[in-house]
Amino acid sequence: MRLEWERVLAKRVAAFRACTRTDFSQLPCPPGTIHFTGGAPPVECLPAETISDALVRAWHAEPTALWYDETDGYEGLRVAIADRMRQRGARVDPGQVLITQGAQQAIDLVARLLLEPGDRVVVEGPTYFGALQVFEPYDVAIEAVPLDEAGVVLDRLEDAFRREPRPKLFYTVPTFQNPAGVTLSAERRSAVVQLAARYGVPIVEDDPYGELWYEAPPPPPLRAYWEEVLFIGTFSKTLAPGLRLGWLVAPPRLMKPLIDAKEAADIQSDRLLQRAVAAVVTSPWYEAHLRAARAEYAERCRLLADALSHELGELARWSLPGGGFFLWVTLTGEVDAATLLPRCAEAGVTYVPGSEFYPEHRPSPSLRLGFTTLGRDELLRGAERLGRALRRLLTEARPT
Ligand SMILES: Cc1ncc(COP(=O)(O)O)c(C=O)c1O
């Protein structure tokens, strides 16, 4: 006998959705398709040996690390994180650092603490779809404020902050944004925190890419401008996403409820791994690894952008990011990148359509290209396929 699951499922389940609404497994991709959908370090750059050596050393040094303890995280790692953040201009007490299962859990814990049905949440338009995945089941009104070349547009942000009821939070990725690649300028950083302070809106700053700059470091994080900012970091992009290790820096008033919420969610993050990663990120190896990663990503980004200029010319526009993993390409004309995707997939190339990154998922002429997981050859071939397919589709779509 089958249970009647529809009767018992919580209402919020209707708002759950998979990572992207596009079901990539349903796309008509021929073998050898080049996927610009990735947002991770390339497999050949994953530091498997460094991590595994550090894990073995950590286990020998402290076998009890395999027990339950330290819901807030290993002190050595919290100190290492606070030190790195201090180097970036943000004074952080290790007691204000909570270790999480990646940045994603940090977003989830913040939502658990702050959100109730009917609340308003302000995000950037476009924004990271994983944050929308977290917020949507809370039955909140999510509003996107547009971005320009220097980050979030201030008068639009103020409009959103000013309206009642006041937003419960402003979620932002101010540095090498996912998906748009944009970085909030230094002047706007201080303006954003002033607005948030004036209207009493908590800022949730998600910063997975801040250490992965190409030519020059970005301005200090928003947390450096205001100690009330909740800052989220991760080792997913600098080391490996499979580690599931990130952190949240929060004001003192929030630490106890956050640690309680973390305990309810999963008791603690992997303690052995935290010891290993603390050793890795405080070693000279880590600086050398970051230097090599920055140079590699800068090169891949340039290669893709040059190839796209050649292939797409006047059919699309984008600006070069100063770091991070993504190129945000906007097609000219009234087109929806989501409807073009199956035809591009047939031609052996995929991307994430822009509609995924807006709360209302409206049609968008933009698409996100992730370039870090593809080698030089694939980037060139992928750009060529994409250029050829889009040129054909855009010509077909144009009224005659
Ligand atoms: C802006 C942003 N936040 C959070 C995440 C999730 O990171 P993690 O693997 O640390 O959970 C990502 C990953 O793509 C991201 O781009």
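Begin by selecting the open sheet, in which four strands follow the order β10-β11-β14-β13 with antiparallel pairing. Two strands pair if DSSP finds at least two bridges between them; helices (H or I, at least four residues) and strands (E, at least two) are DSSP runs, numbered from the N terminus. β10 (316–317) and β13 (352–353) are the edge strands, each with a single partner, so one side of each has no neighbour in the sheet.

The model is predicted: local features need pLDDT of at least 70 and side-chain atom pairs count only at pLDDT 80 or more, whereas totals for chains, interfaces and linings use all residues. Residues are numbered from 1 along each chain as its sequence is written.

Next, select strands β11 (residues 326–331) and β14 (residues 366–370), which run antiparallel and are joined by five bridges. Within this pair, L327 is found opposite L369 in β14.

Axes are lines fitted to C-alpha atoms, for helices over the stretch in contact, and angles run from 0 to 180 degrees between N-to-C directions.

Keep α11 and select helix α13 (residues 376–397): their axes come within 9 Å and cross at roughly 25°. α11 is therefore roughly parallel to α13 (angles under 35 degrees count as roughly parallel, over 145 as roughly antiparallel, 65 to 115 as roughly perpendicular and the rest as oblique). On the α11 side the contact includes R300, L303 and L304, and on the α13 side R376, L379 and L380; two residues are in contact if their C-beta atoms, placed from the backbone, lie within 7 Å. The contact of α11 with α13 divides into ten nonpolar, one polar and four charged residues. Here Ala, Val, Leu, Ile, Met, Phe, Trp, Tyr, Cys and Pro count as nonpolar, Asp, Glu, Lys and Arg as charged, and the others, Gly among them, as polar.

Move to helix α2 (residues 48–61) and helix α10 (residues 271–281), which pack at an angle of about 120° with axes 8 Å apart. This angle makes α2 oblique to α10. Among the residues that meet are T50, I51 and W59 in α2 and L272, L273 and V280 in α10.

Finally, select the ligand, which 14 residues surround, the closest being G102, A103, Q104, T234 and S236 (near means a C-beta atom, placed from the backbone, within 6 Å). Helix α4 (residues 102–114) gives the most to this shell, with three residues. By class, the shell has five nonpolar, eight polar and one charged residues.
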